[in-house]
Amino acid sequence: MHLSIHRLHIAGKNAVLAVAMLLLPVLATAQKNTNAERAAALRARFKDAKLASYGYRSEYTFDIRNSTLQATLKEQLDIISLDGSVTYNRPVFYNDNITVGDTEVNYASGKSVPVSKTCGNYEVEDVFYSDAKVCAYKFFLLSPGTEVTFTSRETYTDTRYLTKIFFHDELPVEERTITFSIPNSATVEFIEKNFEGYGITRTVTPDGSRKLYRYTAKDLKAMKGEPHSLGPLHNYPHLVVISKDFTASNVKTNVIASVDDLYKWYASLVKEVKNDQAPLKAEVARLTATAKTPEEKIKAIYYWVQDNIKYIAFEDGIAGLKPDAAQNVYNNRYGDCKGMANLTKEMLKIAGFDARITWIGTNRIPYGYEVPSLAVDNHMICTVAVGDKQYILDATEKYIALGMHGERIQGKEMLIENGDKFIVKKVPVAGADQNLILQEESLVLEGDLLRGQGAMTIHGESKKNILYMSTNIRQEDQHKLFDNLVVPDYTNADQVKVTNTPPVDREKAMEIKYTYGLTNKVTRFDSELYIDVDWNKAFKNLKMEDERQSDYYFNRKINTKVTKKLTLPKGYAVTHLPKGLRKNSDDFSILVSFEQKGSELLYTNQVIIHHGRIKKSDFATWNAAIQELNEVYNDQVVLTKQN
Amino acid sequence: MNAILRVATCLLICFVTTASLLAADRADELKQEMWGSSDKDFKVVAVPDKWKDRSAVIIARLNRFEYRKQAMAALLNINQYNHYRVKLNDKNAVNEYAEISFKSGDKGRVRVYVGFKVIKPNGREIIVDPATAVKMERRGSDGYAYKKIAIPNLEPGDILDYYLCEEEERIITSLIEFFDPIIHNLRQEYPVMKQKLQFKVQRRCYINLRSINGAPELKLVTDEEKDEQYYSLEDGDRDGIADMKWLYPNRDVPTVKFRAAYASNKGVNSYDVLLDEQGVVKNKVTADELAEVSNTMMKMVLYAGNTANKYLKKNYNGPTDNFSVARAGYYYNRHELLNQSETLTLQNKDLPSEREMTFIASFSNFLKEEDIPHDIVVAVARRISSIDDVIFESELDYLIRVRQGKEFLYFSPYSIYTVPGAIPSALQGADAYAFDGLTKSTRWVPQRTTLPALTKDDNVSATSMTVKLSTDLQKATLNVQRNIRGVEKPYHQYRLLDVYDAIDEDNKAYAPYEYVYPHKAKKEYTALQQAYQQNRSKSKTDALKDMIADDYEFKADDPTDLKITQTGRSDKDPAMVYSFTFGTDELVKKTGPNYLVDIGKLIEGQVSIRADEMDRDQNIYFDNARSFRYTVTLDIPAGYQVQGLDKLNSRVENAVGGFTSTAKEENGKLVIETYKHYGVTFASKSEWPNVVAFVNAAHTFTGQKILLKKK
């Protein structure tokens, strides 16, 4: 803990000047640069927005240069401030394949707006280093209704990297146009995604030796990330740009005209990897020495890579697509998905298996390989065939068992290497049962203390995640993790104890056994006891907001079942039981029941979310069910002392 | 290529080549110094059994700082050498150390030398190539760049031994140059087996250094081989320290604080700024030196005028006692902040507050002009230091106190909400020195004093709430009135008041305020004023909504009827008083024919002490003594009776604080009163059970329910 505290500036500063500077940020905004009527109209249309765009034009001009199909992009964003004193930071992203040209910010009068520019690496979550960069242009708009135009220019040095274009922007947009000027000597296609309901128009007009495609959309709200969303590709309208081919000097060159081209290019990158198996051989021999079956050998290698290769991603230029050599990943003990897939493949090859590099898009990408584009995949795994059986190995999924597949790739198409050809195949989809979390408890009352013992059995995605967390948390904090898992938010007056050490075994369900004594679940009122038997109250208040744009995604299919058996204290009778609930829809089912059987009260709570998501179209059904569920949770069991 | 160009090219290439070679030599030297030294502490591989279950253990660390002025050149050398040897016991530690960031060293005259090696349990050493570090660029107005490196082959059980060294050459631009102060706690996140702090200060450089809270003293060490001397602290066997509530680490954890400075002869002769002899440690600051440095800092204020004397002369007809006149001057100066405050408000910026020394100088001048006896008071925020442990000027804060007989009235730098008599929370109860403001500053005689500390009865947040239930009893409407006095008040003022509240209020005391528009921008600012006024009510409601979301642990509807009845901007009416209404459908839960009411949740969320916080090995520091009163009145619905009142009556009172709650039925209403107070600002660690007792009693109360039972 080093603490820096402010320094005395002996040289001093001109405080008066500093204040004067403070008071005069930008006074160049003459009245002629403002448009009160437009601001009022857009304020009414885009509630709570401080800025809006009344015209956002992206002009892509494709040209053949240096035997490559390139594209220049000129963007003009007409911005109006809907509030006073707004600071805006406009980012322009670029990388090794996109260069940034001149950028201007001008008032409506044409006079330039003072801008502070900062450029540098764009830090992406989970990526240690990449070539992604950003320039941020910061400017201040004093008067409400100030109009400025932000103009930027970029060049895509190879249009295979120009893959997706969204209509929405981080600002709300009154009118959005995207134009493509394509020379007749090039074949470029546009796949329209999520256009329904947006009234997007498209025109195609000849323009000399070119064709001009123009897409126009109106009244677009600000694009925003939403928690528990599969990402913008699932619901925001966008174009997937397919640069198929071009002809120059009578020679036709394919860019990516089909999935064959995509595969050929991917395969050529993999071919360039200089794998050296020598450093891996001893390790493979050690790992497989005691394995009796092919499956055991695969497991030994697959699990070793999972456990020993830390995920650190370098995605610098072509390294974003080309795996690091297996021996580097092995020696470094770190790598990204490509590095891990390649290492797994090489180790399996040493062990005598037919292992293949496999490309795949996770569920954030709603396309299959019918779309021949770099946009279709974002992940690499390894597949291996043993006889008729195919194993899908994703070593970035820590603590996953062989034969199980991460939720994010289930149902997704794989592009499997196969020499000059390729195989497209889907990852099997598991049902919600695979993710079952079962919690069974027996409860007794000791005065006002609720004492219980229970067992929690966790399968699937949650088990995988808990194993990862429990092995990556500080070892001195591990017991806290399990204690809080079995009884969340317990107080220091409560006693919670996990009585076993859950083994780190990815092939078996995780079983946690525990006991507890809880002080605040029973409330005594005269001769009555009010008992809150379910303090987890799963999904309580989880209502979907009306303004939510995307489906709600739980990151996994859900099947949780809680059963509790409360032994009724002697001398007490059940005088009230909550009514329970049973709801079923295509997306989910909820069952909550309270039942007295002799001297025992049985409580069951089972929630299944079959596909791990609630579709936006089902929000009303879901919210109605949650409202009823809330009422059940608010209710309590009442026991009354008998005379 | 002509000859001149050839020579120039040769010179350039030769220079670059030479510079690169020198850097490479230096890198080798440092590598040898860090990894090849005979320091046995950096050879250790085993950690004590008591720490084998810890995530990581720092086997050894060295932090060495060097400062010197170059001979015959206006350049300073500022070097630091940091060496760490860490045992990684689990994956968490591996994740923590697998990626290390450091200064890029390519900006200005800074060179950075790094080295990383992994030592496997079998003793095999793997040296990481520093060239594998990647540079994270930032260019532009707020640019900074750094490098980061991924440490390969790192596994639990390994030792990571690494160093990060910086050697900077800085051009001297002022008579005195202070380097960043360092306050180093000897207990940190992970346990430490051995740690060394070294400071070498040479040639026109000065060192202020003090070990506090039981930290060992630094010793002067002579390195005969290198013919140099440096100050060194060797320490070890320190357990790690967890994040802890109510801890002032710089007051409680063994700590070394340090600050080096460069000063030219002219600088030393012209300014008294707590410097001793060149190269000799200054570890004690006397009261006289505090007077001298305070005098220096006041002299550096460029503009210390104010218009209050003139205003008062013309307009003031009130009492002429010292306090009254000082108050009037203070309020007038505060009033003068309105224009700047309005401009900043319209620019969507924070309200201004007067710079501390500017305030001291200008308000002292005002008082002098009025011939009012007063003191300049110098103190240190409690969380930073005791006044007796001060060693550098940036630890100091200043106030003015006006004297009237034996009484004092304190004044702190203005904002549009501050009032006479208010002492910043961080300084309350602190020891201080006072200097007579009417005496010439060179003749100041320091007087030891202790600043008043507001008590729990001064710092009172009182909330009165009435609760009405809808006819189906499912919805509660809560009308809340808050009366906030003392340290909590600024939080409420800054959230719910704005400059226009202050303008409205000041218009009753002064000539009507007229905004002086920024030069040539009247139209723009008029538009901004209109836009602000259009949004003003909504902004306040939104702020209140956020406060409610922070305060209550149930979902609340949007508040309505915010009414500010007293702003708290006057020392005559010091409380901020306001009221509002909001609804919730999460307070009452239907249970069979009856209704459970989460009545405990109405006293807002209360901090709790968790099971893993029960053991405490550090003393307890509260920012203030303070108290919180709640009165909740629930209209009992007709046809229902209330059960469960017995659990609402509780009392925990001890030497540190307390929590009391009472509940009674009166005229068809349930009236609940709670009172929580923190009675002290400091408690020894042995008092921790007392803190736990009353803090958790309040938290337990928030879980209490009552039953509305059908009669």
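Between which two strands of chain A does the loop that holds Ser85(A) run? The loop lies between β2 (68–81) and β3 (86–94) of chain A.

## Model and confidence

The structure is a predicted model. For the complex, the predictor reports an ipTM of 0.90 and a pTM of 0.91. Chain B has an average pLDDT of 92, and 96% of its residues score at least 70. Residues 3–16 of chain B have a pLDDT below 50, and beyond near neighbours in sequence this stretch makes 1 contact in the model.

Most residues other than glycine have a negative phi. Ser85(A) is not a glycine, yet its phi is positive, at about 55 degrees. Ser85(A) counts as buried because it has 22 C-beta neighbours inside 10 Å, and the cut-off for burial is 20 or more.

Trp246(B), also not a glycine, has a positive phi of about 55 degrees. Trp246(B) sits in the loop between β15 (228–238) and α3 (249–252) of chain B. Is Trp246(B) buried or partly exposed? With 19 other C-beta atoms within 10 Å, Trp246(B) is partly exposed, since a buried residue needs 20 or more.

## Chain A: domains and an annotated segment

Chain A is divided into domain 1 (23–254), domain 2 (263–426) and domain 3 (433–641). The C-alpha centres of domain 2 of chain A and domain 3 of chain A are 38 Å apart. To the contact between them, domain 2 of chain A gives 6 residues and domain 3 of chain A gives 10 residues. On the side of domain 2 of chain A that touches domain 3 of chain A, 3 residues are nonpolar, 3 are charged and no residue is polar.

An unreviewed UniProt entry lists residues 285–358 of chain A as "domain: Transglutaminase-like". Over residues 285–358 of chain A, the chain is 54% helix and 15% strand. The end C-alpha atoms of this segment are 25 Å apart.

## Chain B: overall architecture

Chain B contains 13 helices and 36 strands. Its C-alpha trace spans about 100 × 70 × 60 Å along the principal axes. Of the 711 residues of chain B, 41% count as buried. Among contacts in chain B with a separation of 6 or more, 74% join residues 24 or more positions apart.

The domain assignment for chain B gives domain 1 (27–175 + 190–204 + 218–241), domain 2 (299–450), domain 3 (455–475 + 585–711) and domain 4 (486–583).

## Nonpolar cores

The largest nonpolar core has 176 residues. The residues with the most contacts inside this core are Ala261(B), Ile360(B), Val377(B), Val378(B), Ala379(B) and Ala432(B). Apart from this core lies another, of 109 residues, which includes Ala71(A), Tyr94(A), Ala395(A) and Cys165(B).

Leaving aside residues up to four places away in sequence, Ala261(B) touches Ile176(B), Glu177(B), Phe178(B), Phe179(B), Cys205(B), Tyr206(B) and Leu275(B).

## Interface between the chains

How many residues of chain A are in contact with chain B? There are 59 residues of chain A in contact with 77 residues of chain B. On the chain A side, α1 (15–23), β5 (116–121), α6 (326–332), α8 (460–472) and β28 (522–525) each supply at least two residues. The largest share, 6 residues, comes from β5(A). By class, the side of chain A that touches chain B has 23 nonpolar, 26 polar and 10 charged residues.

## Two loop serines

Ser617(A) is in the loop between β36 (613–614) and α10 (619–634) of chain A. Ser617(A) is exposed because 9 other C-beta atoms lie within 10 Å, and 12 or fewer is the cut-off for exposure. Ser617(A) and Asp551(A) are 66 residues apart along the chain, and their C-alpha atoms are separated by 8.2 Å.

Ser570(B) lies in the loop between β25 (560–566) and β26 (576–584) of chain B. With 15 other C-beta atoms within 10 Å, Ser570(B) is partly exposed. Ser570(B) and Asn82(B) are 488 residues apart in sequence, and the distance between their C-alpha atoms is 52 Å.

Methods:
Residues numbered from 1 in each chain as written. Chains lettered and ligands numbered in written order. Predicted model: local features only at pLDDT ≥ 70, side-chain atom pairs only at ≥ 80, totals over all residues. Helix = DSSP H or I, 4+ residues; strand = E, 2+ residues; numbered from the N terminus. Core = buried A, V, L, I, M, F, W, Y, C linked by C-beta atoms within 7 Å. Contact = placed C-beta atoms within 7 Å. Nonpolar A, V, L, I, M, F, W, Y, C, P; charged D, E, K, R; others polar. UniProt positions renumbered as here; feature names shortened; annotations may be inferred. Domains from an automatic or database assignment. pLDDT = per-residue confidence, 0-100.
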